[in-house]
Amino acid sequence: MGDKQDVRVNGQRLWDSIMAIGEIGPGQHGGSCRLALTDEDREGRDLFISWCREIGCSIEIDDMGNIFARRAGRNSELAPIVAGSHLDTQPHGGKFDGIYGVLAGLEALRTLHDHDVTTEAPVEVVVWTNEEGSRFAPAMIASGVYAGLFEKDYAWARSDSDGKTIGEELKRIGYMGEVACGEHPIGALLEAHIEQGPILEAQQNQIGVVIGGQGQRWYDLRIKGQDSHAGSTPMPGRRDALVTAAEIISMVQSLAMDFAPQAVATVGEMSVHPNSRNTIPGEVFLTIDIRNPDEPALARMASELRTCIIDCVDKNGVECDLDEIWDKPPVQFHADCIAAIEDATRTLGYSHQQIVSGAGHDACQVCLVAPTSMIFVPCAGGLSHNEQESAEPADLEAGCNVLLHAMLTLANRGGK
Ligand SMILES: [Zn+2]
């Protein structure tokens, strides 16, 4: 056996595997449509498992359908060092979101197999069920059950638009495992992922060492004015809910700019009532999504948002109901995992930077119960959740080498 430091992954094999999974449930425009727990999802899972068995891995599936493929270590008492992500996609999804993290984990294990390297702790690849949340809401539900954020009965009962539930569909495709979700130990979880944003590309860095995930708060806002005739109602004294909404949307934008560069804020959904061209809109519903990696700053954004909305509503002579429907605090990844990734990146000589994840990931759930971090690689134009999503083979290979060496560090801690 050679020096473990010299071991490198096979970038071509990684790329070919990503392309092979991408053929299952092909999209119309070069991406994939492989919704959670469909026949296509089963086919992707089956192919992944067959690849894992080829290199001698054992497979364990829990009762949320999460798959753990294990390569034994010298000491089977130690909790495994786990790499992975998800294989499900958006309806118009790309070939890389999630898939890369699973197959980078597999490529790391294949490389250990090729070079006959045995780690102290076992090493594993995990596939989390229904990360995307597009067939079954909410997203990241199976990693959420693993982390104790959701009850399993609640998760099993979530249904798609045809009324089929996660529990039924897990059984139908043969992925309702025996092990209770959450019982499979994880010594550390490393998730490799495309960035899904433009920062690494703009900074010309190949690797993002992810130090945590943003906090986010979601709001439903209902503005109530008064329907009235568009021709005969003078401008003074109108109670126009849509004009108020327009001011609020522009305030939401300014709020994020005030907390730059890390904050983001979005009004993504709006409905206007009665939605008639010659009636002043009496009611508007809209959603607000604010995010910041820093909890005190997020709390300040939330309080400023509330004050601005109340002032604006008063000024326009309308009323509103503002409901905060979700409050997810920022997450900080584990120092040991961050250090393992950063050291591997340095040793391998890749350009890199620390980065905060703008999107939610399974790692942002599991980090509540196990040491966790993520490795980001650039994707073209920062584009994701789009069939045009793409990434450079060299960047995918670099991220996979970082993953392999960070896994080796963590799996050999305390070992010889
Ligand atoms: Zn993803």
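The model is predicted: local features require pLDDT of at least 70, side-chain atom pairs count only at pLDDT 80 or more, and totals for chains, interfaces and linings use all residues. Residues are numbered from 1 along each chain as its sequence is written.

**The two domains**

Begin by colouring residues 4-213 together with 331-411, which form domain 1, and then residues 215-328, which form domain 2. These bounds come from an automatic or database domain assignment. The centres of domain 1 and domain 2, taken over C-alpha atoms, are separated by 37 Å.

Next, select residues 58-61, strand E1, and residues 67-71, strand E2; the two run antiparallel and are joined by 4 bridges. Strands (E, at least two residues) and helices (H or I, at least four) are DSSP runs, numbered from the N terminus, and two strands pair if DSSP finds at least two bridges between them. Ile61 stands opposite Ile67 in E2. The hairpin has 5 residues between its strands, and Gly65 takes a positive phi near 80 degrees.

Move to Leu37, in the loop between helix H1 (11-22) and helix H2 (39-54). Although Leu37 is not a glycine, it has a positive phi of about 65 degrees.

Then select Pro138, in the loop between strand E4 (123-128) and helix H4 (141-146). Ala137 and Pro138 are joined by a cis peptide bond, with omega about 0 degrees.

Continue to Pro274, in the loop between strand E10 (270-273) and strand E11 (279-280). The peptide bond from His273 to Pro274 is also cis, with omega near 0 degrees.

**Helices H8 and H9**

Display helix H8 (residues 241-258) with helix H9 (residues 295-315): their axes come within 10 Å and cross at roughly 155 degrees. Axes are lines fitted to C-alpha atoms, for helices over the stretch in contact, and angles run from 0 to 180 degrees between N-to-C directions. H8 is therefore roughly antiparallel to H9; angles under 35 degrees count as roughly parallel, over 145 as roughly antiparallel, 65 to 115 as roughly perpendicular and the rest as oblique. The contact is made by Thr244, Glu247, Ile248, Met251 and Leu255 of H8 and by Met301, Glu304, Leu305, Cys308, Ile309, Cys312 and Val313 of H9. Residues are in contact here if their C-beta atoms, placed from the backbone, lie within 7 Å. The residues of this contact of H8 with H9 divide into 9 nonpolar, 1 polar and 2 charged. Ala, Val, Leu, Ile, Met, Phe, Trp, Tyr, Cys and Pro count as nonpolar, Asp, Glu, Lys and Arg as charged, and the others, Gly among them, as polar.

**Helix H12 and its partners**

Now select helix H10 (residues 335-348) and helix H12 (residues 393-411), whose axes come within 8 Å and cross at roughly 125 degrees. H10 is therefore oblique to H12. Residues making the contact include Ala340, Ile341 and Ala344 of H10 and Val402, His405 and Ala406 of H12. The residues of the contact of H10 with H12 divide into 7 nonpolar, 5 polar and 1 charged.

The residues of the contact of H3 with H12 divide into 8 nonpolar, 3 polar and 1 charged.

Technical notes
Two residues are in contact if their C-beta atoms, placed from the backbone, lie within 7 Å.
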